[in-house]
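Please walk me through this structure, one part at a time.

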Amino acid sequence: MKITQHATDTTLTLALNGELDASSSVLLDTELSKPEILRTQKVLIDCQQLNYISSAGLGVFISHLQTFQDANVKLVFFNMQEKVRNVFEILGLDSLMTIVPSEADATAV
Amino acid sequence: MAVLRKPFSLLSVAVLLSWLALLAAALLYAHPGLGGVTISPPAGLILILQALFTAVVFLYERKLPERLRGVDFIGLLQRLLLGPALLAVASVGLHQLLLVVLPGMAGSVLHTIFYTLNVALFVGLLARTNYAWRALVLFRGSERLRRQWVAFEVLLGAILLLRLLPYAPPIGLSAAVLGVLAAFGAYLSGRQKWVAYLNRRQKMEAVLLQLAIIGVMSIFVAYFLYTKPAFRLVGPAPQNAFLLLNAFFAGFYALMGLLITLFNLPTAGVFEQKREEILSMQRLTQLIQRGQTTAEVYQMFFDSAIQTTSADAAWLHIEATDEEDHYDLYYQLPAHQGSTIRSTLAEFNLGNLEYFNNDLSGGSFGRLQLPFGSLMVMPLSSSKRQYGNIYLLQELTQAFDRESLSILQTFASQTVLSIENLQLIQASMRTQRVQDELKIASAVQDSLIPKNLPIDNWFEISSYAVAATEVGGDFYDFLHLPGRRLAVLIGDVSGKGVTAAFHVAQMKGIFHALMQENPLARNEREKYPVPSQFMTQANDALGRCLEKSAFITASLYIIDYEHGGFVFARAGHCHTLYYHSIKEEVSYFQTPGLGLGIIRHDGYEKHIKNQFYDYNPGDVMVIYTDGIVEARNAAQDEYGEERLQQMLENSYYLDADHIKAHILADLHEFTKGQPMHDDQTLLVIKFRSAQPEAGL
């Protein structure tokens, strides 16, 4: 699992590369737990290279969902592969999180 | 009596008879005309009889069982000295005493009898000594040495036979033969391996015993020399060559043994010290195996080190770690002196090095004014950790050397090994305990899985559940409700291990608690919660105890087989696979629904829906956990919903057990050789047309 960061004044983009399982989700959790993240307006997750997400990986997003909402930070996923999107949908997370097709859509949110 | 026992009885009789014959011949020879017998035997007959007697005695002694018991060398020498030697000396002494007391005895019959008896005792002593030495020479000896000994015996026997010939060899030849034999005897006398097995006290005893044996031999030689000119009993030199040679060998061996033992006496202390070191090492090693505490191992090391180095004072200092306090042992050393030594060493960067100083009067140590002359320091360390140091002190200067340093080093490494072994044992015991507890957890969880599936003639149920680790996060359960209804719950707790297992138990508790009849219900429909209500209430209950990143997916089905319909809600769980017999079609129920524990405030009910469906006989419902559809093959592809759907399309017409078997066979084929990553649960429910009850 590799996480690449790209930050602008208002947006933080995290590109996930590889499989997000129990061990790699710790890395992601460290990134999302940084206090400065709550000062941005939007956190964009680029899922183009994300091949697999385990329940531990989903748990990381779930655990930060409430904090982001309270701090008025938008969490947006884009470029999601079909089978990963399926996992989000089965769990019903698509009704809580914003999942859009492209980066352009994501910046527009 | 050993003498009467076979196979020695014949030989012992022969000994007695040959001696009696010798006695008779000697009497007739020395006192012609005794008892009216006028025949005087020729001198050669006495020689033959004497040789015969000697041969028989040596054969007799040779056949006796092994004299040496284990390594009891002192016992062997004692038995030799206190037995035949003492008897022979007593007899010689008595003879000499009688000669003094009774002046007329010389030349009498009694004198001849005594003399012949003493010859017999001496021959017996020589034979006994000869074979005692054999036991010592051959102790731990090689096969070659054994053969050499046999050759020695044969040569001795040949000398004995030579005496029987009337031929008297020239002096030069007999001297050469005797010289060769004497050299052979001297060579064999060099075999003294047994001396190494004696401790200091035993060596002292051996010296005294060997001195005594040499003494006995000299008494006899003096006795024979003294009596020789007076009587016609002892013939020319070759006659007694055998006895003298044997006496020479016996005496020489004793002398060699004596000298070797004497030379060994100063080293006996070193041997014993080595022995003590080996014993300490053994005790140290045994302590590990008995699983003692580290404190005991340190104490053992401390005592052994003081003992083997003869230290006058000592200090063992083990440094403190995060878990343990520092640990110190003192022996006749005030703590402040120990710390000054330690800080002085640290000044010179010698804090944790092997070190010895045999003159503490000068330099930095001189300024400390210690009442000691020598110091030795040995660190206890392994690649993992620096444990501490042992400080040993002696009042003498020049007390320690490289040798003592290396012994101490061996002790120190053995100690560190013991300590680390102990830590390993303790760690493995902790792991064992955790594993035992996991086994208990596994057993408890196993008891939560329904053992008896609901049986009714309206449906068939078949189930399969395997956990990837000892305790799993998958669960399913059944509950019969009044009015021919059945509640079926399936679910999956995120994460694995004990935490997941705990939430499984909790979820089951919630299921059984919520599916109770509500006594305040106003109508039949409100008596039991519908699935969406159940999920909302479960979400509420779980929200208070699940950790932030954990969630649970679940589906609850309430099947009303009286009316042929069911209602279910899917809380983020895998979609239900269904075969519709009317349409002859397999599809997934696509219903929305959010997992439990994801949102923990009000408003969950907006994210969960009930789905109603009227089933037909022949319909098949397949419910499962993600461990089934996310199982991977060698290429890391997932099994997937589509392949599962195909399996049901191929097998919907079978009964529930066979549908399940068909799906599992394909799944196992797919994942062949791959480890199981997640728990797998699969339930197959097949609805049947109502079978009329028997007799109706």
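**A sheet and its edge strand**

In chain B, β3(B) and strand β4 (residues 374–381) run antiparallel and are joined by three bridges. Strands here are DSSP runs of E with at least two residues, helices are runs of H or I with at least four residues, and both are numbered from the N terminus. Two strands pair if DSSP finds at least two bridges between them. Across this pairing, B:F356 stands opposite B:M376 in β4(B).

This is a predicted model, in which local features need pLDDT of at least 70, side-chain atom pairs count only at pLDDT 80 or more, and totals for chains, interfaces and linings use all residues. Residues are numbered from 1 along each chain as its sequence is written, while chains are lettered from A and ligands numbered from 1 in the order in which they are written.

Now widen the view. The order β2-β1-β5-β4-β3 (chain B) makes an open sheet of five strands, with antiparallel pairing. At the edges stand β2 (327–331) and β3 (355–357) of chain B; each has a single partner strand, so one side of each is left without a neighbour in the sheet. From one strand to the next, the twist averages 10°. Helix α12 (residues 402–448) of chain B packs on this sheet and touches β3, β4 and β5 (386–394) of chain B. The direction of α12 makes about 30° with that of β4(B). Such angles run from 0 to 180 degrees between N-to-C directions, with axes as lines fitted to C-alpha atoms, for helices over the stretch in contact. Contact itself means that the C-beta atoms of two residues, placed from the backbone, lie within 7 Å.

Look next at β5(B). Which strands pair with β5(B)? Strand β1 (residues 313–318) of chain B runs antiparallel to β5(B), joined by six bridges. β4(B) is also antiparallel to β5(B), with eight bridges. B:L392 in β5(B) is the bridge partner of B:A314. B:L392 is the bridge partner of B:M376 as well. Four residues lie between β4(B) and β5(B), which form a hairpin. β5(B) is mostly covered, with seven of its nine residues buried. A residue is buried if 20 or more other C-beta atoms lie within 10 Å of its own, exposed if 12 or fewer, and partly exposed in between.

**A second sheet**

Chain B has another open sheet of five strands, in the order β6-β15-β14-β11-β12, and the pairing is antiparallel. Here β6 (459–466) and β12 (585–589) of chain B are at the edges, each with a single partner strand, so one side of each is left without a neighbour in the sheet. The twist averages 15° from one strand to the next. β6(B) pairs with strand β15 (residues 680–687) of chain B in the antiparallel sense, over eight bridges. In that pairing, B:S463 stands opposite B:L683.

**Cores and helices of chain B**

Nonpolar residues come next. In soluble globular proteins, nonpolar side chains tend to be buried together. A nonpolar core is a set of buried Ala, Val, Leu, Ile, Met, Phe, Trp, Tyr and Cys residues joined through C-beta atoms within 7 Å. The largest has 92 residues, and B:L556 and B:L648 have the most contacts inside it. Beyond its neighbours within four places in sequence, B:L648 touches residues including B:L577, B:Y579 and B:V586. A second, separate core has 49 residues, among them B:A26 and B:W194.

Helix α8 (residues 237–289) of chain B holds B:L265. Is B:L265 buried or partly exposed? B:L265 has 15 C-beta neighbours inside 10 Å, so it counts as partly exposed. B:V207 is 58 residues away along the chain, yet the two C-alpha atoms are separated by 9.7 Å.

**The two chains**

Chain B has 17 helices and 15 strands. Of its 696 residues, 34% are buried. Chain A has four helices and five strands, in the pattern β-β-α-β-α-β-α-β-α along the sequence. Of the 109 residues of chain A, 33% count as buried.

Finally, the chains meet. The contact takes 17 residues from chain B and eleven residues from chain A.
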